[in-house]
Amino acid sequence: MKKKAVSMMLVAAMAVSLAVGCGSNGGGASGSGEGKKYDGVTLNYWSMWNSNEPQGQVIQEAADAFSEETGATINIEWKGRTINEMIATALQANEPIDIFEDGYERITAQYKDYLYDLTEMAEAANYSDHSFACFNEKAIEGAGFLCCITEQPQVGGIFYNKDIFEDCGIEVPTTWTEFLAACQTMKDNGYQPMALDGAYADFFFGYHLDRIIGQDAISDLAVNGGWASNEGVIQAAEQIIDFVESGYLAEGAPDEYPASQNKMGLDQDVAMVVCANYVVAEVNNNTQTELNWGLFNYPEVEGGVDPTNAYAGANSLAIPSYSENPQAAFDFIMFLTQGEWDQKMADTASQIPADPSNTAPAVMDGTIETLNATTDPLDWNMGMNDNADLKASFKDTIIRLFEGQFATGEEFAEAMDALY
């Protein structure tokens, strides 16, 4: 409770708007001609991207623009996705790094002791007005202070082909009852409602179970067992069994990744998939199509818990506490994650902008609204990953659930307990 109270106090502090700091229009630093603000300053930036990726290309362009405007030199080292295998050791050794990228969960959990507290600089920059509150709150709660800045948000839910919904005359459902009715309408009109690859079976079930008992309860079950004595687990499993028996999964589902989700683009008669926003680019690229994508949050299960939260993750930027130029580093982070360059990143990489006042690409329709409504982001698989030893076995058992191998919810719950 004490950590939560501190978190809320720090979040409230971020709402204070000060007329100093990083300037307007997401530009961060300013200055032209002689005596530029950061003449002689060199920033070393370790990136999780590669230089030839869309994200890497935008970052390089933004770095060049920042250098031209401020006089700073930005050295970018393109570390790729394996940055998370080297950053902890680099921070411990005080490697010359001023900015680095990684997922905010790892940043807050693993690197917090080596990071600069960004709270005061964020207040001065009025950062709270140009960011998603859910990520800031999670970062503060995890580290005890604002330790990172969101760069590339992710959100999970039900991604769907809006053309199929329109053809069937379906409004976006908000409850499980409405969702089932929509699935039946799609089926009656010759469509297959839901794609599902085995890789995301536990994500789908985790979302449904969260709507009944909540993530904290799922985490407790994952760690300690007791699935068969939890009525919510039995209810969730029964509802998935009914969903499968009603014929709402696409043919072949659960399939080998990415065969099922690809059917949305290849056949264009599969309407939906439960995943995170990167599924849009995966399907479009794999099938060379441009679907009319939309997102809605996983529906409320009547009688369950808070239905507003969504899975939310983010690649984020942090500054080591030993950086000799933390303000310059922070100003560049603001330059990259707000205004012109954040919008260019969203458009170029087809992703959600870090600044919710910017515009999401058409293929990300609904993502900003879902993130803004999220007050307590869900973890991937909604707490089931908290048991690292059994998470693979959980997935296998859940795949069997979607395959129709359990006759009742009790059978499924007993199979989960049998894993311990």
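1. Helices (H or I, at least four residues) and strands (E, at least two) are DSSP runs, numbered from the N terminus. By that definition, P258 lies in the loop between α11 and α12. The chain as a whole has 18 helices and eight strands. The radius of gyration, taken over C-alpha atoms, is set against a globule rule of 2.2 Å times the number of residues to the power 0.38. The chain has a radius of gyration of 23 Å, close to the 22 Å that the rule gives for 420 residues, so it is as compact as a globular protein of that length.

2. This is a predicted model, in which local features need pLDDT of at least 70 and side-chain atom pairs count only at pLDDT 80 or more, while totals for chains, interfaces and linings use all residues. Residues are numbered from 1 along each chain as its sequence is written, and side-chain values use heavy atoms, with hydrogens and water left out.

3. Along the principal axes, the C-alpha atoms of the chain fill a box of roughly 75 × 45 × 35 Å. Buried means under 20% relative accessible area, exposed over 50%, and partly exposed in between (1.4 Å probe, protein chains only). Of the 420 residues, 57% count as buried. The accessible surface (Shrake-Rupley method with a 1.4 Å probe; for residues, only the protein chains shown count as cover) comes to about 16600 Å², and 46% of it belongs to carbon and sulfur atoms.

4. Contact means heavy atoms within 4.5 Å. Among the contacts in the chain with a separation of 6 or more, 77% are between residues 24 or more positions apart.

5. For the charges, Lys and Arg count as positive and Asp and Glu as negative; His and the chain ends are not counted. The place of a charge is taken as NZ of Lys, CZ of Arg, CG of Asp or CD of Glu. The chain has 18 positive and 65 negative charges, and their mean positions are 5 Å apart.

6. A salt bridge is a side-chain nitrogen of Lys or Arg within 4 Å of a carboxyl oxygen of Asp or Glu. The count by this rule is eleven. One of them joins E53 and R81, at 2.6 Å from N to O. This pair links distant parts of the chain, 28 residues apart: E53 is in the loop between β1 (42-47) and α2 (54-70), and R81 in the loop between β2 (73-78) and α3 (87-92). E53 is buried, at 18% relative accessible area, whereas R81 is partly exposed, at 40%.

7. Two further salt bridges deserve a look. D210 pairs with R211, with the closest N and O atoms 2.9 Å apart, and both residues are buried. D255 pairs with K263 at 3.6 Å, N to O; K263 is buried, with a relative accessible area of 19%.

8. W227 sits in the loop between α10 (215-224) and α11 (231-245). Its relative accessibility is 0%, so W227 counts as buried. M416 is 189 residues from W227 along the chain, yet their C-alpha atoms are separated by 6.5 Å.9. V172 is found in the loop between α7 (162-168) and α8 (176-188). At 38% relative accessibility, V172 counts as partly exposed. Apart from neighbours within four places in sequence, V172 is in contact with Y160 and F296.

9. In helix α15 (residues 339-349), the buried residues are G339, W341, D342, Q343, M345, A346 and A349. Their cover includes α2, β4 (149-161) and α14 (326-337). Just after α15, S350 takes a positive phi of about 50 degrees.

10. The peptide bond from A253 to P254 is cis, with omega near 0 degrees, and P254 is in the loop between α11 and α12 (259-266). Another cis peptide bond joins Y257 and P258, with omega about 0 degrees.

11. Positive phi also occurs at N126, which is not a glycine, with a value of about 55 degrees. N126 lies in the loop between α5 (119-124) and α6 (133-143) and is buried, at 15% relative accessible area. Q268, likewise a residue other than glycine, has a positive phi near 55 degrees. Q268 is in the loop between α12 and β6 (270-276) and is partly exposed, with a relative accessible area of 40%.
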